[in-house]
Amino acid sequence: MTDRGFVLADAPRFGSAFGCGECGNIHLKAGPFDLTLAPKAYLELVSLPPATEASFQTWLAEQEGLRNSPSAN
């Protein structure tokens, strides 16, 4: 890590993630939220979305089914 830090990601109008050259942590910013994580905690956090993808797809399909069911109309 350099003294200046580094940008991991930047999504305009949504947020950013960067490694801090001062504290050595990873800073995540999304809208009004600002999280500061140790590098190992950051790695654990970013492993969550891929691990939840199948469950989310199942949930999403169930929600679509509920919206399209005759009892929903």
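Let's start at Ile-26, which stands opposite Leu-37 in strand 4. Before I go on, a word on the model: it is predicted, so local features need pLDDT of at least 70 and side-chain atom pairs count only at pLDDT 80 or more, while totals for chains, interfaces and linings use all residues. Residues are numbered from 1 along each chain as its sequence is written, and side-chain values use heavy atoms, with hydrogens and water left out.

Strands here are DSSP runs (E, at least two residues), numbered from the N terminus, and two of them pair if DSSP finds at least two bridges between them. Strand 3 and strand 4 (residues 33–37) run antiparallel, joined by 5 bridges. They form a hairpin with 2 residues between the strands, and Gly-31 in the turn has a positive phi of about 55°.

Now the other side of strand 3. Strand 2 (residues 15–19) pairs with strand 3 (residues 26–30), again in the antiparallel sense over 5 bridges. Here Ser-16 stands opposite Lys-29. This hairpin has 6 residues between its strands, and Gly-24 takes a positive phi near 80°.

Put together, we have an open sheet of 4 strands in the order 1-2-3-4, with antiparallel pairing. Strand 1 (6–11) and strand 4 are at the edges with a single partner strand each, so one side of each has no neighbour in the sheet. On average, neighbouring strands are turned by 10° against each other, direction ignored (axes are lines fitted to C-alpha atoms, and angles run from 0 to 180 degrees between N-to-C directions).

Which residues make up the largest nonpolar core? There are 5: Ala-17, Ile-26, Leu-28, Leu-37 and Tyr-42. By nonpolar core I mean buried Ala, Val, Leu, Ile, Met, Phe, Trp, Tyr and Cys residues joined through side-chain atoms within 4.5 Å. Buried is under 20% relative accessible area, exposed over 50%, and partly exposed in between, with a 1.4 Å probe and protein chains only. Leaving aside neighbours within four places in sequence, Ile-26 has contacts (heavy atoms within 4.5 Å) that include Leu-8, Phe-18, Pro-39 and Tyr-42.

Last, the cysteines. How many disulfides does a search of the whole structure find? The count is 0, where a disulfide is a pair of cysteine sulfur atoms within 2.5 Å. The sulfur of Cys-20 is 3.6 Å from its closest cysteine sulfur, in Cys-23, which is too far for a bond. Cys-20 is buried, at 13% relative accessible area, whereas Cys-23 is partly exposed, at 40%.
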